[in-house]
Amino acid sequence: MLSINSNRINARIAVVSLAAASAGLSMVVMSLGKLLLFFAVLLVVLRNKQQPKGPASWQTLWTPKIILVILAAFAGSLLWTTGPFDHSMEALGKYGKFLVIPAMLILIRTRQEATLVLIIFLGFQVFLLLSSWLLYFHVPVVWATGKHAKELFAVFSTYLDQSIMSAILAALFWHLKSLAPNRLLFYGAITVSLLALGSVFLVFVGRTGQLVGLTMIALAVFWALPRRYRLASVAIPPLIALLAFSFEAVPQRFLTAGSEVSSYMDKPAATTSTGVRLYFWKTSLEAMAQKPLAGSGVGSWTTQYNRIEALKNTDFEPFKVASNPHQEFLLWGVQLGVGGILLLLAFMGAVMKDLHNMDAPIARAGQSVLAALVVACLFNSSLYDANIGSFFCLTLGVLLAWGGHRRHMTKG
């Protein structure tokens, strides 16, 4: 997996490498990486130097096609959106991050290039991981620009985003370790995986990240079991949860969530972290019920929330801070109706289908990322979010490109 020939690295692959390295870094670096990536694709298309048809070309995969349908649906909803024009265009631009995936597939042309991009991507993720551990042990990290880097140990983004990224990193190294060319790198991959998983439960306090971490462990155990024992894997999640609750911070966070749910059931109000989510979800379902087919259009969630709440309470002050309900499926449902939820499920199904046709290590790594995306979207608008959403798209783009070319490589 880690051997690369001495081909000249041209500007095209340098741009792709920069984009891959930017995943999880500061918003400025990530935005620059994506911008250069899109310009590179535009130049390739205009100069008629598109990637020839092959295992990783976007013509042979389902994911890029579904992405084009999704973007067309959001763009078309501008015709009936109830949101302000500037909010709608901003929301449409956020979903433009989906184009990262086909851009990776178009620009990465050979297995050597795919391997180089994967190594750079993983290398910078290890850099983020080690930086978080240094912050945890109060070692000065001059490049940490996160708002609460010293208190919550997230280097560039939030503790919620980086805990999810760490859980995914643990799964990537665990499943790709079998492709290491020597035993040193094999055990190095295991070490990184354990460090990443440890950061999820010891360093960060994000509950979503911890749920993603539990999901990554459950999937790894499931795939490690012989087929005849996999039926017994239904007992894995509860056992893992009990193990995770041995860490001091984990039960405290989930017990807090339980008390917040109980408080909300007694008196529905957006006064706690969990209460805010439940209140947003309830109002989102009401908005969907009013326009179940076409939805209210891209960028309309805040407008619909304010409208519905104003009808309930004449003293309600319009909400200007949140632009999403902290739940990706409901956000798409409000904007595009039931069809929006089906489109999101179609995207996830397309990624699953494309990964299914690839070698087992890369397929399992990619499916773990997809499972992490599902869990994250249940409790946050992860694809809508600029930081973690870009991370997911960049990660899937790198894995799909490398997995497609991997089919022509000798299994190591």
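1. (A cavity is a set of points on a 1 Å grid over the protein atoms alone where a 1.4 Å probe fits but cannot get out, and lining residues have an atom within 4 Å of a point; grid points are joined across faces, edges and corners, and a volume is the space filled by probe spheres set on the points.) The whole structure has 2 cavities of 30 Å³ or more.

2. Before going on, please note that this is a predicted model, where local features need pLDDT of at least 70 and side-chain atom pairs count only at pLDDT 80 or more, while totals for chains, interfaces and linings use all residues. Residues are numbered from 1 along each chain as its sequence is written, and side-chain values use heavy atoms, with hydrogens and water left out.

3. Back to that cavity: Gln125, Leu128, Leu129, Gln162, Met165, Ser166 and Leu169 line it. Helices α6 (111-136) and α8 (159-176) each give at least two lining residues, and α8 has the largest share, with 4 residues. (Helices are DSSP runs of H or I, at least four residues, numbered from the N terminus.) By type, the lining has 4 nonpolar residues, 3 polar and no charged; here Ala, Val, Leu, Ile, Met, Phe, Trp, Tyr, Cys and Pro count as nonpolar, Asp, Glu, Lys and Arg as charged, and the others, Gly among them, as polar.

4. Helix α4 (residues 85-95) has Ser88, Ala91, Leu92 and Tyr95 buried, where buried means under 20% relative accessible area, exposed over 50% and partly exposed in between (1.4 Å probe, protein chains only). These residues are on the same side of α4 because they cover an arc of only 100° around the axis, taken from the directions from the helix axis to the C-beta atoms. Their cover includes α3 (63-76) and α15 (328-336).

5. Ser296 sits in the loop between α13 (273-290) and α14 and is buried, at 0% relative accessible area. Leaving aside residues up to four places away in sequence, Ser296 touches Trp80, Thr81, Thr82, Lys291, Gln304, Val334 and Gln335 (contact means heavy atoms within 4.5 Å). One of these, Gln304, is among the buried residues of α14.

6. Two backbone angles may interest you. Most residues other than glycine have a negative phi. His138, in the loop between α6 and α7 (149-152), has a positive phi of about 60° and is exposed at 66%. Phe153, in the loop between α7 and α8, has a positive phi near 70° but counts as buried at 11%.

Terms used:
1 Å grid on protein atoms, 1.4 Å probe; cavity = no way out; pocket = protein on both sides within 12 Å on 5 of 7 lines; lining within 4 Å.
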